[in-house]
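Please examine the sequence and the model shown below. The paragraphs that follow lead from the contact between the chains to individual residues and their surroundings.

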Protein chains: 2
Amino acid sequence: MNVDFSDEEKNGLYKAIFSRRDVRSHFTSKPIDDEILTRILNAAHHAPSVGFSQPWNFILIKDYETRKKIKESFEIERKCSSQFVEEPQKSRYLSFKLEGILDSPLNVCVTYDPSRFGPFVIGKSSIPETGIYSVCCAVQNLWLAARTEGIGLGWVSILSNVLLKKILELPDHVIPVAYVCLGHVSEFAPRPDLETAKWLPRLELKDVVFYEKWEKKQNSSWNNIHELIKANLDYA
Amino acid sequence: MNVDFSDEEKNGLYKAIFSRRDVRSHFTSKPIDDEILTRILNAAHHAPSVGFSQPWNFILIKDYETRKKIKESFEIERKCSSQFVEEPQKSRYLSFKLEGILDSPLNVCVTYDPSRFGPFVIGKSSIPETGIYSVCCAVQNLWLAARTEGIGLGWVSILSNVLLKKILELPDHVIPVAYVCLGHVSEFAPRPDLETAKWLPRLELKDVVFYEKWEKKQNSSWNNIHELIKANLDYA
C-alpha cells in the first residue's frame with residue numbers, strides 16, 4: 001500500500017488536526033447518521049496497538065437514565081475538584097461549561113481490556129502501560145474522524161471511574177479510558193475554549209522541543225530545524 | 001472555524017488512518033526534510049490535552065552513541081520478555097524485526113511532564129491519568145502526519161524506561177511515553193506485520209462494539225447500526 005497523498009488529502013489530515021476541538025456546547029439535536037458512526041468507529045478500531053492486541057471496546061450509550069447517572073457523577077466530581085483551586089480562579093472554573101452528556105445525542109465509553117490476546121502480548125512486557133496507550137490512540141482516531149464528518153466530540157474526564165464501571169457493568173479488570181460525547185454542532189470554535197478564556201496560553205512549539213537530551217535547546221547540527229521551529233506559526 | 005471537509009480532504013484523513021503502519025524495516029537513508037519535520041511536530045503539538053495543559057515534550061535524537069545505548073536496552077528487554085512465551089511461539093517472537101533504532105535517520109522520545117501548568121489542571125483531579133492520555137493523542141497525531149508525508153514511524157516499547165530516563169537525562173518526575181523511529185521508507189506494508197505473519201488476526205468491528213452496557217450486543221433501537229457494523233469491511 002504505497003499510497004501517496006495528494007496535497008488536498010494531506011491538507012485534509014492537517015485541517016482535521018488543527019480544527020479539532022474539545023466540544024462541550026453548540027450540540028444540535030440532529031441525530032448522527034448510522035453510516036457516519038460506523039465509519040468513525042472503524043477509524044478508531046484501526047488505531048495502532050501494542051503487539052496488534054486491539055485492546056479496546058466501544059460502548060455506545062443513548063439511554064437517558066444511564067446518562068443522567070453519569071451527569072450526576074460529573075456534578076459531584078466538579079464540586080470536589082473545585083476545592084483544589086483558590087478564588088478567583090475557583091469561580092471561573094465553576095463557570096465553565098465542561099461537558100455535553102445530556103446535550104449530545106450520543107455518548108461513547110472507550111475501554112481497555114488488559115487481558116485481550118494475553119497474557120503474552122508482543123511489546124507489552126517491559127512497559128505494560130502501552131496497552132492503555134493504544135486505547136488513547138484509538139480515541140484520537142475517533143476524534144479526528146468525527147471532526148471531518150462535522151461531528152463534535154467532547155472528552156469528559158470529571159467523572160468517577162468507580163461509578164462509571166458500576167453504571168456500565170464493566171468487569172473488574174476492564175478500565176474505562178475515555179467517556180466522550182458526540183453530536184453535530186452549530187459551530188466549531190476557532191480556538192480551544194480554555195485558550196479563548198485566557199485560562200492558559202498555547203505553548204510555542206519551540207518550548208516543547210529538545211535536542212538529543214532533556215532541556216538541550218540546540219547545537220550546530222540542529223540549527224536549521226531550530227530556526228524553523230522558532231518561526232513556526234500557530235495554526236490555532 | 002466552521003470548516004467543512006471536501007470528499008478528498010475527508011478521504012485524506014481516512015487514508016492516513018487505514019494506511020498507517022508500525023514501521024520496523026524498509027527505512028531508507030534519505031534524510032527527513034526540516035520543514036516536514038516541523039509540520040509533523042506541530043501536528044503533534046496540536047493534540048487535545050486535559051485542561052489545555054499540553055504536557056508533552058519531544059526530544060529529537062540523532063546521536064549514534066545515544067541510539068546504540070537504547071538499542072542495547074532493546075536487546076536486553078527482548079531477551080527478558082521472551083521467557084514469558086513458550087515454544088514454538090518463542091522462536092517466532094525472536095525472529096521478528098521489532099525496531100529500527102539505528103536503521104532510521106531520526107528517533108524521537110515523547111515525554112509526559114505531570115507538573116505542567118499544575119498543580120491544578122482542569123479535568124485532571126478525578127482521573128489524573130488523563131495527563132498521560134493527552135501525550136498518547138499527540139503521538140497518534142505525529143504518526144498520522146508522518147504517514148501523509150511519506151514518513152514511516154515505528155513505536156519501540158521493548159525498552160527499559162529506567163535506562164531511557166538515564167540516557168536522555170530526564171528529571172525524576174518526567175515520564176517517557178513513546179520512543180519512536182522515523183524515516184522515509186521504501187514501502188508501507190499493506191497490513192500490519194503481525195497480521196501478515198498470522199501472529200494475531202484483526203478483530204471484526206462488531207466484536208468490539210457494545211450497546212448501552214458492557215457485552216450488550218444490541219436491542220431494537222440499535223438494530224440498524226448493528227447491521228452496518230456487522231457488514232463493515234476491513235479496510236486493512
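**The interface and the strands behind it**

Chain A and chain B together bury about 11200 Å², of which 64% lies on carbon and sulfur atoms; buried area is the accessible area (1.4 Å probe) that two parts lose on being put together, summed over both. The size of an interface is often expressed as the accessible area lost when the parts come together. This is a predicted model, in which local features need pLDDT of at least 70 and side-chain atom pairs count only at pLDDT 80 or more, while totals for chains, interfaces and linings use all residues. Residues are numbered from 1 along each chain as its sequence is written, chains are lettered from A and ligands numbered from 1 in the order in which they are written, and side-chain values use heavy atoms, with hydrogens and water left out.

To the contact, chain A contributes 124 residues and chain B 123 residues, where contact means heavy atoms within 4.5 Å. There are 6 salt bridges between chain A and chain B, a salt bridge being a side-chain nitrogen of Lys or Arg within 4 Å of a carboxyl oxygen of Asp or Glu. A salt bridge joins the side chains of Glu149(A) and Lys10(B), with an N to O distance of 3.1 Å. The side of chain A that touches chain B comprises 69 nonpolar, 29 polar and 26 charged residues. In this classification Ala, Val, Leu, Ile, Met, Phe, Trp, Tyr, Cys and Pro count as nonpolar, Asp, Glu, Lys and Arg as charged, and the others, Gly among them, as polar.

Strand pairing also crosses between the chains. Strand 5 (residues 209-211) of chain A pairs in the parallel sense with strand 1 (residues 56-61) of chain B over 3 bridges; two strands pair if DSSP finds at least two bridges between them. Within this pairing, Tyr211(A) stands opposite Leu60(B) of strand 1 of chain B. Helices (H or I, at least four residues) and strands (E, at least two) are DSSP runs, numbered from the N terminus.

Strand 1 of chain B runs antiparallel to strand 2 of chain B, and 6 bridges join them; here Phe58(B) has Val110(B) of strand 2 as its bridge partner. Strand 2 of chain B is in turn joined to strand 4 of chain B by 7 bridges, again in the antiparallel sense, with Val108(B) standing opposite Val180(B) in strand 4.

Why is strand 2 (residues 106-112) of chain B described as largely enclosed? It is so described because 7 of its 7 residues are buried, buried meaning under 20% relative accessible area, exposed over 50%, and partly exposed in between (1.4 Å probe, protein chains only). Both faces are covered: Leu106(B), Val108(B), Val110(B) and Tyr112(B) are buried on one side, and Asn107(B), Cys109(B) and Thr111(B) on the other.

Val177(B) belongs to strand 4 (residues 175-184) of chain B and is buried, with a relative accessible area of 5%. Leaving aside residues up to four places away in sequence, Val177(B) touches Tyr133(A) from the partner chain as well as Val110(B), Thr111(B), Tyr112(B), Ile132(B), Val135(B), Cys136(B) and Trp155(B).

As for overall architecture, chain A has 9 helices and 5 strands, arranged along the sequence as α-α-β-α-α-β-α-β-α-β-α-α-β-α. Of its 236 residues, 61% count as buried.

Most residues other than glycine have a negative phi, and most peptide bonds are trans. A cis peptide bond, with omega about 5°, joins Glu87(B) and Pro88(B), and Pro88(B) sits in the loop between helix 3 (64-82) and helix 4 (89-95) of chain B. The bond from Gly118(B) to Pro119(B) is likewise cis, with omega near 5°; Pro119(B) lies in the loop between strand 2 and helix 5 (130-148) of chain B.

Glu169(B), although not a glycine, has a positive phi of about 60°. Glu169(B) is in the loop between helix 6 (161-167) and strand 4 of chain B and is partly exposed at 42% relative accessibility. Glu215(B) is also not a glycine and has a positive phi of about 65°. Its loop runs between strand 5 (209-211) and helix 9 (223-230) of chain B, and Glu215(B) is exposed, with a relative accessible area of 55%.
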